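Reader: I am new to protein structures. Could you take me through a single part of this one, slowly enough to follow on screen? I would like to see what surrounds that part, too.

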Amino acid sequence: MAVYDFIFDFPKISYADPILEIDVLICGKGRCRAATDNEAISEDKLKSGIESILPEVFAVCTSMGVRYDSIYKRNEDMLNKTQALLGERDEFQESVKIESFTIVELYPVDEEIPKIIEAKRRPPKSSQPVAASVPVPAPEQKNEWICRSCGKNGRGKFCPYCGSPRSLENTAAQSPQRQAGTKGRFCKKCGANLIERPAGLKFCPQCGSTQFFYVDAKVAEEVKRTFGMFDKVAAIKFYREKADVGLEEAKNAVELIFKH
């Protein structure tokens with residue numbers, strides 16, 4: 001009984017990605033351990049045989065709904081498929097037993113990167129359009145009050161102009177000068193959404209804080225679609241470049257995006 005333990009290569013294989021809904025050219029390395037009682041089967045012959053059936057082996061991952069960068073998680077399923085395919089070949093028949101099958105290195109070829117990024121950004125064909133990550137409040141304004149200290153309209157627990165506590169006895173209609181900004185504005189301390197607040201806002205009406213930060217809704221949607229909820233470092237870098245902001249503001253924005 002001969003036992004072979006070898007590394008095999010796959011320089012370029014087209015994989016039909018069921019999640020991204022595109023064909024991705026992938027390459028990499030794998031490791032296989034196999035035993036045979038047929039003296040005519042050498043290690044090179046077995047290695048060549050496995051490399052020739054890899055497209056069919058990877059196809060089992062497509063049928064299971066596995067994205068290209070998660071193929072390595074399905075080693076056992078690929079082992080079973082490899083065993084079955086080799087058993088169907090006359091030169092191997094039933095004389096080879098695959099003991100282990102592991103993908104140790106897998107990545108798309110360089111020219112596929114732009115296509116993959118674009119596929120991650122767009123919503124799946126089978127789903128509805130994804131809503132913006134940063135919610136925009138309804139235009140209706142309710143429960144406004146007039147600050148007794150400065151006489152300006154407020155909404156919330158504190159006056160957004162002078163920081164005085166809310167006057168429960170005085171109410172007022174919405175200020176006609178209130179306009180939504182082009183970017184979402186949020187309180188740095190409590191995270192309150194201040195997108196509908198006046199441009200002259202100085203205090204958060206929910207906690208009284210004077211520190212705010214801004215989130216670009218369009219870029220936020222791109223971040224959510226491209227990076228999901230996992231690669232926060234790459235998302236911060238992407239947001240900085242797209243929104244043209246500093247590191248701290250990008251961190252605050254991405255933290256908020258990942259919470260929604």
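Author: Start with a term. Two strands pair if DSSP finds at least two bridges between them. Helices (H or I, at least four residues) and strands (E, at least two) are DSSP runs, numbered from the N terminus. Strands of a sheet pair through backbone hydrogen bonds, either parallel or antiparallel.

A word on the source. This is a predicted model, in which local features need pLDDT of at least 70, side-chain atom pairs count only at pLDDT 80 or more, and totals for chains, interfaces and linings use all residues. Residues are numbered from 1 along each chain as its sequence is written, and side-chain values use heavy atoms, with hydrogens and water left out.

Now the setting. The protein has six helices and seven strands. Along the sequence they follow the pattern β-β-α-α-β-α-β-β-β-β-α-α-α. Our part is helix H1, together with the sheet it lies across.

Take the sheet. It is open, has three strands in the order E1-E2-E3, and its pairing is antiparallel. E1 and E3 are the edge strands, each pairing on one side only. Neighbouring strands are turned by 20 degrees against each other on average, direction ignored. E1 and E2 pair over 14 bridges. One example: Ala-2 has Thr-36 in E2 as its bridge partner.

Look at the loop between E1 and E2. Glu-21 lies there. Its phi is positive, about 60 degrees, although Glu-21 is not a glycine. Most residues other than glycine have a negative phi. Buried means under 20%, exposed over 50%, and partly exposed in between (1.4 Å probe, protein chains only).

Now helix H1. It covers residues 43-63, which is 21 residues. From first C-alpha to last it reaches 30 Å, close to the 30 Å expected at 1.5 Å a residue. The expected span is 1.5 Å times one less than the number of residues. Still, H1 has a kink of about 50 degrees at Leu-54, shortly before the proline Pro-55. That bend is the angle between axes fitted to the seven residues ending there and the seven starting there.

H1 lies across E1, E2 and E3, and runs at about 40 degrees to E1. Axes here are lines fitted to C-alpha atoms, for helices over the stretch in contact, and angles run from 0 to 180 degrees between N-to-C directions. Contact means heavy atoms within 4.5 Å.

Which residues of H1 are buried? They are Leu-46, Gly-49, Ile-50, Ile-53, Leu-54, Val-57, Phe-58, Val-60 and Cys-61. An α-helix has 3.6 residues a turn, so residues three or four places apart point the same way. The cover over the buried residues of H1 includes strands E1 (2-17), E2 (22-36) and E3 (96-108), and helix H2 (75-87).

Cys-61 has 0% relative accessibility, so it counts as buried. Cys-27 is buried too, at 9%. The structure holds zero disulfides (pairs of cysteine sulfur atoms within 2.5 Å).

Finally, follow the chain out of H1. Gly-65 comes after the helix, with a positive phi near 75 degrees. Lys-73 lies in the loop between H1 and H2. Lys-73 counts as exposed because its relative accessibility is 58%. Lys-73 and Thr-102 are 29 residues apart in sequence, and 9.1 Å apart in space, C-alpha to C-alpha.
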